[in-house]
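Me: I have a structure to go through and I'm new to it. Can we take it piece by piece?

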Number of protein chains: 2
Amino acid sequence: MDRNSISNQLIKNNIKPSYARIKIMEYLIQQKNHPNVDEIYTELVKDIPTLSKTTVYNTLNLFNEAGLIKVITIEENEARFDADTSEHGHFKCENCNKIYDFFVKLEGIEISGLENFKIRQKDIFFKGICAKCINYINNN
Amino acid sequence: MDRNSISNQLIKNNIKPSYARIKIMEYLIQQKNHPNVDEIYTELVKDIPTLSKTTVYNTLNLFNEAGLIKVITIEENEARFDADTSEHGHFKCENCNKIYDFFVKLEGIEISGLENFKIRQKDIFFKGICAKCINYINNN
DNA sequence: AATAAAAATGTAATTATTACAAATATGTAA
DNA sequence: TTACATATTTGTAATAATTACATTTTTATT
Ligand SMILES: [Mn+2]
Ligand SMILES: [Mn+2]
Ligand SMILES: [Zn+2]
Ligand SMILES: [Zn+2]
């Protein structure tokens, strides 16, 4: 997705496509690594020396309320962000702390207890040890 | 579950059953409302005037590491705690902020992308509006 | 160019959590 | 019981993520 289509996507959601907003969205789309606020700020401030962390927070909240991104609360201390709003789960490796995407089909999942509830958002968070770390641990 | 069986459960997990620990576990078992640290502290300090919040944090971390409780990170700002470690999902009403349990059968769920991963914990967090709030909103 | 509105900035405040050292309680051996 | 070692609890300070808010800068419109 290029600058122009990001811009159009923002306009479609009644968000004015300022430079900072486009850059933040662009970063989220390019980086699939579910960055936290500090990572987004530290990376983008290289390009935008005047960027402030508050702007990052404001922008992410704006995007979230518009449904353009998802907030991942898999960790207790900090929020992570994802421009991929399609249905998928997140796995956090407790060894290397990396967050992986995985495919999950929620359609047809058996649940009960939420009759007459309006479900707006579904989050699937798994934790454990990733294959890379298992491999590394086994060979050391 | 009475004091004695709580005590035994702690001993079984190599946790010395101190008064504070038993009371905190007892509170978590009785209250099914997924309290945060402040709620636990505020309620228990009535019975234990010398209780400190640090003890609540220490104890909850101890319980969590032993697998006796689950930490619910459905909210961005604060952790909530659940003594029910059986498989179930959590729903947060964005109107009344209450957290509901719901039944979910994860067995047979279709996932891919975690081949050779060791999954230790599975969390299902849904968000939306609960039936009570929908009803209230409709009648007002 | 003048003006108004929106966006970004910088700083301070808030709040959840952790670190850590001191105090207290507990259990055991003499 | 007393002395001692160990575990637990406490209180305070530090850390760190997030938000509040007033000020400055940018943008769009007349
Ligand atoms: Mn993702
Ligand atoms: Mn629960
Ligand atoms: Zn790993
Ligand atoms: Zn509700």
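Me: Is A:Asp82 buried or exposed?

Reply: A:Asp82 counts as buried because its relative accessibility is 7%. Buried means under 20% relative accessible area, exposed over 50%, and partly exposed in between (1.4 Å probe, protein chains only). This is a predicted model, where local features need pLDDT of at least 70, side-chain atom pairs count only at pLDDT 80 or more, and totals for chains, interfaces and linings use all residues. Residues are numbered from 1 along each chain as its sequence is written, chains are lettered from A and ligands numbered from 1 in the order in which they are written, and side-chain values use heavy atoms, with hydrogens and water left out.

Me: Which protein donors does the manganese ion (ligand 1) have?

Reply: A:Asp82 (OD) is one of them, and the others are A:His34 (NE2), A:His88 (NE2), A:His90 (NE2) and A:Asp101 (OD), at 1.9 to 2.3 Å from the manganese ion (ligand 1). Donors are N, O and S atoms within 2.8 Å of the metal (3.2 Å for Na, K and Ca); water is not among the atoms, so sites may look incomplete. A:His90 counts as buried because its relative accessibility is 4%.

Me: And what coordinates the zinc ion (ligand 3)?

Reply: A:Cys93, A:Cys96, A:Cys130 and A:Cys133 do, each through SG, at 2.3 to 2.4 Å. Their spacing in sequence is C-x2-C-x33-C-x2-C. Within that set, A:Cys93 in strand E3 (residues 89-93) and A:Cys130 in the loop between strand E6 (118-129) and helix H5 (131-138), 37 residues apart, link distant parts of chain A. Helices (H or I, at least four residues) and strands (E, at least two) are DSSP runs, numbered from the N terminus. Both A:Cys93 and A:Cys130 are buried.

Me: New topic. How many aromatic pairs are there over all chains?

Reply: The count is nine. Rings of Phe, Tyr and Trp (its six-membered ring) pair if their centres lie within 6.5 Å; planes under 30 degrees apart count as stacked, over 60 as edge-to-face and the rest as tilted. The pair of A:Tyr100 and B:Phe117 is edge-to-face because the ring planes are at 85 degrees, with centres 5.0 Å apart.

Me: Where do A:Tyr100 and B:Phe117 lie?

Reply: A:Tyr100 is in strand E4 (residues 99-105) of chain A and B:Phe117 is in the loop between strand E5 (110-112) and strand E6 (118-129) of chain B, so the pair joins two chains. A:Tyr100 and B:Phe117 are buried. Ring pairs also bring A:Phe91 into a cluster with A:Tyr100 and B:Phe117.
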